[in-house]
Amino acid sequence: MNHKSWHLSRRTVLKSAGVSLALPWLECMAADKKAAPKKRFFAGYFAYGVPMPEDDAADRMDHGWFPLGEGKGYQAPAMHASIMPLREKVTFLSGLSHPAMRGTSAHKGADYFLTGANILKTYDKQSISIDQYLAKSLSKDTRFKSLVMSSFGGVNRPYRSSTLSFDRSGRPIPAQNNPAEIFRRMFGEVTDSEKNALASRGSIIDEVLNEAKDLNRRLGKTDKAKMDEFLTSVREVERMTERSVQWQSTPKPKVDSSKLELDADPTSPREYLTVMYELLALALQTDTTRVATFQTACEEAGLTDRFPSAVGLANSSHKLSHEKKNYADVAAYITFLNEMHAGFIKRLDSVQEEDGTLLDNTLCFYGCATSKTHRAINYPIILSGGKNMGFQHGAHLHYGENVPLSNLFVTIGNQLGGRTAKFADSTADITEVLA
Amino acid sequence: MTNSFGTSLLAFLVSIPAVASAGNYETEIRPFLTKYCVSCHGPNKQKADLRLDKLDPDLINGSDADMWQEVLDLINISEMPPKEASAQPKRSERQFIVDALTLSFRQAMEARRSTGGRNVIRRLTAYEYNNTLRDLLSLDLQYAVDLPPEGSAKEGFKNNSSVLGTSALHIEYFERIARSALERIILAPTEQPTPYFVRVEPELAFKPEPAPVTTENQKKKQRKPKRRPGSGYDIKGDHFVPDKSVRGPLFRIDHGERSTDGSGVLLAGNRPSDKVGDPFAADRKIGGSQGDGRSGYQPEFRVEMYEVPHDAPVLVRVQLSAVPGKDDAYPRLSFELGSFRGANVSDQKEAANIEIRSTEPKVYEFVVHGANFPFQSNKPGRPSYFRIFNDYRRGTSHLTYEELPKLNIDWVEIKCNHYDAWPSPQKKAIFFDSEHRNDEPVYAREVIARFMTRAYRRPVSDAEVDRKTALFRKLRTQEASFEATIVSTLTAVLCSSNFLLLSEPEATVVQDVATERRLLNDYELASRLSYFLWSSMPDETLFELASKEQLHKSNVLLAQVRRMIADPKSEGFSRNFASQWLDLAGIHRLAVNPEYFDFKEKDKGLFEEESIQFVHQVLKSNLGIDTFIDSEFAMLNPALAKHYRIPGIGGGSFQQHAISKEYHRGGLMTQASMLFGNSTGSETHPIKRGVWVLERLLDDPPAPPPPNVPDLPEPEGKDLANLSLKERLVEHAQVESCRDCHAKIDPWGVPFENYNALGQWREGSSDPLVHKAHQAVNIDPSTQLKNGKRIQNLDDLKKYILTEKKSQFRTAVVRKVMAYGLGRYLEFSDRPAVDAICETVGKENDSFQTVIEQIVLSEPFLTK
């Protein structure tokens with residue numbers, strides 16, 4: 001029980017340039033891995049679609065999301081002003097969607113945004129998400145295989161996922177939502193206790209795995225199916241431990257946390273999204289991981305539904321998305337989300353690497369699985385960066401309703417991962433985004 | 001027994017559904033398709049590339065489930081057949097096909113997730129994991145805070161095996177948490193840490209000693225504390241600070257009154273909100289300057305400590321007596337630990353809150369762990385503090401300052417780094433006395449075996465201990481010490497599938513087949529019982545009964561259930577079951593619209609606590625489940641009484657209060673948790689409230705809305721924009737495709753119209769408790785159920801449930817408790833058991849305890 005409820009005063013928001021890094025480490029890493037160019041992938045998701053005034057409406061350019069006109073000569077609506085300085089590194093995509101899920105009611109988008117799975121047909125059985133597909137090859141040389149984040153955290157439940165990432169068996173990977181914990185895992189000082197722990201962890205996990213296999217032998221069929229999940233996870237930790245041991249002699253990158261607002265939570269959306277995006281940038285910049293996903297909000301009632309309070313709006317983001325006429329409020333809110341995303345993209349572009357900027361070495365895929373009020377078609381998508389992986393930008397590309405989004409995943413797979421002939425329900429690839 | 005299983009299993013197999021199964025497709029669905037659809041989507045034409053006569057009607061094994069879903073959706077929202085088609089189905093035909101397809105889908109989903117009516121191995125939930133470590137290590141810390149947030153199954157239960165995933169991230173955290181807890185206990189320093197000790201004699205604040213006074217006025221003046229807040233008193237008396245270079249502790253007091261004999265201080269129980277006069281007046285933070293509590297100033301008694309050992313047990317001793325107030329009002333002792341984070345910024349948490357009745361001075365002792373409190377400042381240089389209150393609140397009781405009960409505090413002692421014995425009892429429990437203590441390999445084995453037995457909640461085999469001693473030997477060469485090696489070995493025990501998972505394996509190796517149903521052994525039963533009623537591991541009594549193979553006997557089981565309910569740990573059941581059954585999390589998903597209400601976010605906690613305490617009261621007092629529908633009492637504290645506008649409620653924590661009819665409270669449905677959680681945060685929401693009643697109390701969830709239909713029609717054009725929510729509901733129900741479903745839902749929500757979005761009573765044409773602009777309402781709680789039954793108001797609805805819906809309600813409660821107790825969805829094969837339990841419960845006056853007892857004695861609970 002609180003006797004006095006003083007709110008903790010929020011410290012000044014992080015400067016856009018980000019926090020300082022101890023560079024010597026980075027240089028030594030660069031020298032180390034000179035041969036292999038780094039390829040990185042980020043996928044972001046926002047909830048509940050975008051405002052879509054008619055093309056001839058007076059507020060089309062003030063409140064609309066989709067660009068007007070196709071190709072290089074497109075006009076960007078006002079809400080994208082924040083990312084326009086990077087026009088040549090950004091592509092807008094319209095028309096794409098996951099065909100199998102077009103007919104469904106909304107709110108499920110995060111479940112299949114990156115998997116393309118037909119979860120209606122399979123009830124809630126999922127398949128691998130594109131980020132995890134890429135992580136297999138991209139993150140061989142990094143401390144973490146991937147960084148999975150969402151503002152809700154965990155996995156929530158099927159049809160209201162709070163994670164974008166699904167493993168090879170289609171199991172949801174819990175997302176982290178606590179900035180302080182994310183920071184500790186990636187950059188926290190390694191204590192003596194942790195050093196000791198790492199020395200014994202291999203043997204401990206080995207024993208846990210063997211014992212679990214023993215238990216598994218004495219289980220019936222239904223139990224075995226569930227137990228399989230435990231075994232897979234322990235094996236995964238086994239691999240993580242091996243990875244940590246390899247990394248043991250390399251000190252963690254030194255990141256100064258004093259400028260990060262690590263105690264921010266979703267009740268203060270601007271501060272929270274700022275620190276979460278900054279953690280993503282730091283993870284990629286320090287080469288802690290090369291694959292990251294961030295679901296900025298869950299399509300379910302909860303704290304993240306109050307994000308519009310960041311721009312002084314009392315309505316929930318869900319309620320805003322149902323607006324069909326006066327788009328000013330929802331546009332103001334989406335503008336805010338766009339600014340947060342653009343800040344991240346600019347942040348990546350501000351970091352110089354040997355062969356270009358961090359953005360040139362990171363393909364960023366950002367969007368939502370609904371467009372106008374809960375319609376699961378014509379996903380609003382921004383693709384940026386990845387120049388060094390063959391991507392070319394500067395245009396608005398429009399596709400017909402029959403083109404699966406998975407076709408883009410095939411292209412992404414081919415450019416970043418290994419040879420990818422097919423992903424989920426793909427029918428071809430999408431070459432227009434390539435140089 | 002085998003026989004009855006055989007029968008129910010057979011019944012289950014026969015019931016496996018599909019569109020195609022038996023007559024449903026041929027008799028109900030195909031005729032509709034042939035009549036209205038196949039001319040465009042059949043052999044001759046395939047509009048939209050769709051041919052319905054060739055769709056595979058098997059929803060489970062077939063490959064067309066998604067197409068069927070689309071067919072259902074389009075028929076449901078009347079988009080198909082198209083308006084221009086000559087053959088149009090009648091409304092009843094359309095409804096019939098929609099119902100038939102919806103049912104098929106629901107059954108297919110159930111078949112898909114079916115476990116054959118058997119319990120499946122499951123992970124401990126985060127809260128179970130926390131409680132289990134607490135009981136296993138005898139150390140009450142917040143272990144589970146960093147685990148990923150957990151979802152819940154469709155019915156709301158978090159302990160359902162199907163939603164309890166174990167990811168690599170989980171394993172990573174399980175290892176980290178276990179190691180840190182074990183290191184804390186086992187690797188504690190050899191030397192007992194030096195305590196930090198403060199003793200406060202509060203009269204020191206009133207020096208100089210008062211000269212003899214004569215007039216009443218002088219007496220009054222003399223009893224005021226001399227100094228204002230912000231200034232401290234260096235503790236001159238008894239204290240011990242380990243590091244002499246650190247600033248000593250400070251004692252601060254404000255608005256306390258010197259006790260008449262001068263030996264202590266009187267703290268009046270009064271809160272900023274407790275103004276005399278209008279009991280429902282708005283909160284006021286600070287009153288006048290009188291400093292006697294009359295004005296609503298909180299008396300302050302605080303000890304500030306610098307660089308205190310914050311991550312250790314704290315002993316608090318207080319000598320005090322009660323000065324009772326008018327009408328048998330007694331003071332409440334409350335204290336909290338906190339720290340300053342900035343100039344006027346602090347963080348704190350209450351550590352104790354008890355009523356004091358003794359008018360003779362007595363010593364009260366408390367031990368809490370500093371790690372569970374924000375006891376360490378995150379700003380260097382800011383002090384930690386201890387603060388003591390009289391938590392009696394005037395509430396809505398009209399007591400004047402003189403009539404308020406007071407605490408007479410003689411002295412207070414605070415001892416941080418408090419250990420009764422060293423090494424700690426927790427460490428001694430792991431490293432127990434043994435004749436082999438000096439024989440390391442033998443002793444290690446003993447230590448490991450004893451710990452494993454409790455962690456695995458059953459006896460462990462030699463082979464199981466062998467594996468762990470082998471691990472110990474392997475690690476011993478690389479670890480720094482014997483104790484450090486034990487930490488690592490026991491960490492492996494706490495990451496084991498035998499600890500983290502509730503499993504009921506067979507005695508021998510099983511091939512990849514379904515196993516035969518069997519009775520649980522006594523240890524498995526002990527775990528089911530304790531996770532059901534305590535959300536934690538079994539205690540020594542249960543283990544002992546299991547070891548004697550007594551537990552499964554009905555009379556023993558019943559006695560244990562009663563003992564466990566009487567144990568304070570049964571709050572684990574009330575808290576977790578109530579939260580999940582009633583969806584109390586809904587309170588926190590919703591924000592109160594400041595345009596409608598002045599509302600403090602933290603008061604949401606009151607809503608949640610009321611419902612938990614209510615369920616707990618029904619359990620503890622062995623009341624009937626009809627109490628959930630209506631009761632002549634409410635669980636209230638002064639703040640909630642104020643929210644509900646119920647006068648005469650003072651005191652402290654939640655207590656049972658008899659409530660007269662005029663306040664319109666009784667049962668779960670009049671509680672703010674449900675009424676607010678199913679509002680919009682501004683206005684009432686009859687649909688949500690209706691769905692809640694159907695889902696939670698009657699276990700009759702309505703079909704989900706079809707896709708692309710918004711919650712309510714969007715106001716389009718001027719006419720609709722100004723409609724109230726209820727009027728828009730009516731509009732909504734005008735839409736043909738919506739009408740039939742809503743006729744089933746809305747009447748269950750309309751009778752709640754007398755309760756505003758915050759669950760406060762209102763009637764007539766104005767709601768004075770919302771802001772002026774929104775006060776005009778037109779309240780009409782009368783409605784008609786789909787079966788024609790007329791309902792005037794909520795009282796009427798309660799009566800209807802308790803008479804005509806009584807058996808459905810009873811079955812619903814039994815099914816909810818049973819799903820929670822088993823940690824899985826109930827299935828068709830559980831029906832005989834549910835029916836039998838309901839029959840017994842009905843005969844036993846519908847007692848809630850009987851529900852629990854009968855579930856424990858039922859076949860599904862006793863078998864694997």
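**Helices, sheet and contact**

Mentor: Start with two helices of chain B. The axes of helix α27 (residues 806-822) of chain B and helix α28 (residues 831-843) of chain B come within 10 Å and cross at roughly 120°. Axes here are lines fitted to C-alpha atoms, for helices over the stretch in contact, and angles run from 0 to 180 degrees between N-to-C directions. Helices (H or I, at least four residues) and strands (E, at least two) are DSSP runs, numbered from the N terminus.

Trainee: What does that make α27(B) relative to α28(B)?
Mentor: Oblique, so α27(B) is oblique to α28(B). Angles under 35 degrees count as roughly parallel, over 145 as roughly antiparallel, 65 to 115 as roughly perpendicular and the rest as oblique.

Trainee: Which residues make the contact?
Mentor: From α27(B), B:Arg810, B:Thr811, B:Val814, B:Arg815 and B:Met818. From α28(B), B:Val834, B:Ile837, B:Cys838, B:Val841 and B:Gly842. Two residues are in contact if their C-beta atoms, placed from the backbone, lie within 7 Å.

Trainee: How does that contact split by class?
Mentor: It has 6 nonpolar, 2 polar and 2 charged residues. Ala, Val, Leu, Ile, Met, Phe, Trp, Tyr, Cys and Pro count as nonpolar, Asp, Glu, Lys and Arg as charged, and the others, Gly among them, as polar.

Trainee: Where does the model come from, and how is it numbered?
Mentor: It is a predicted model: local features need pLDDT of at least 70, side-chain atom pairs count only at pLDDT 80 or more, and totals for chains, interfaces and linings use all residues. Residues are numbered from 1 along each chain as its sequence is written, while chains are lettered from A and ligands numbered from 1 in the order in which they are written.

Trainee: What is the average pLDDT of chain A?
Mentor: 87, and 90% of the residues score at least 70. pLDDT is the predictor's confidence in each residue, from 0 to 100. Over residues 1-18 of chain A, though, pLDDT is below 50. Chain B averages 85, with 86% of the residues at 70 or above. The complex gets an ipTM of 0.84 and a pTM of 0.86 from the predictor.

Trainee: New topic. What is the strand order in the sheet of chain A?
Mentor: The open sheet has 7 strands, ordered β3-β6-β1-β9-β10-β2-β11, with mixed pairing. Two strands pair if DSSP finds at least two bridges between them.

Trainee: Why is one side of β3 and β11 left without a neighbour?
Mentor: β3 (147-150) and β11 (396-398) of chain A stand at the edges, each with a single partner strand, so one side of each has no neighbour in the sheet.

Trainee: In which sense do β1 and β9 of chain A pair?
Mentor: Parallel, over 6 bridges, with β1 at residues 40-45 and β9 at 362-367 of chain A. A:Gly44 stands opposite A:Tyr366 in β9(A). Helix α10 (residues 328-349) of chain A packs on the sheet, touching β1, β9 and β10 of chain A.

Trainee: Last one. How many residues does each chain give to the contact between A and B?
Mentor: Chain A gives 64 residues and chain B gives 76. On the chain A side, α6(A) gives the most, with 14 residues. That side divides into 25 nonpolar, 21 polar and 18 charged residues.
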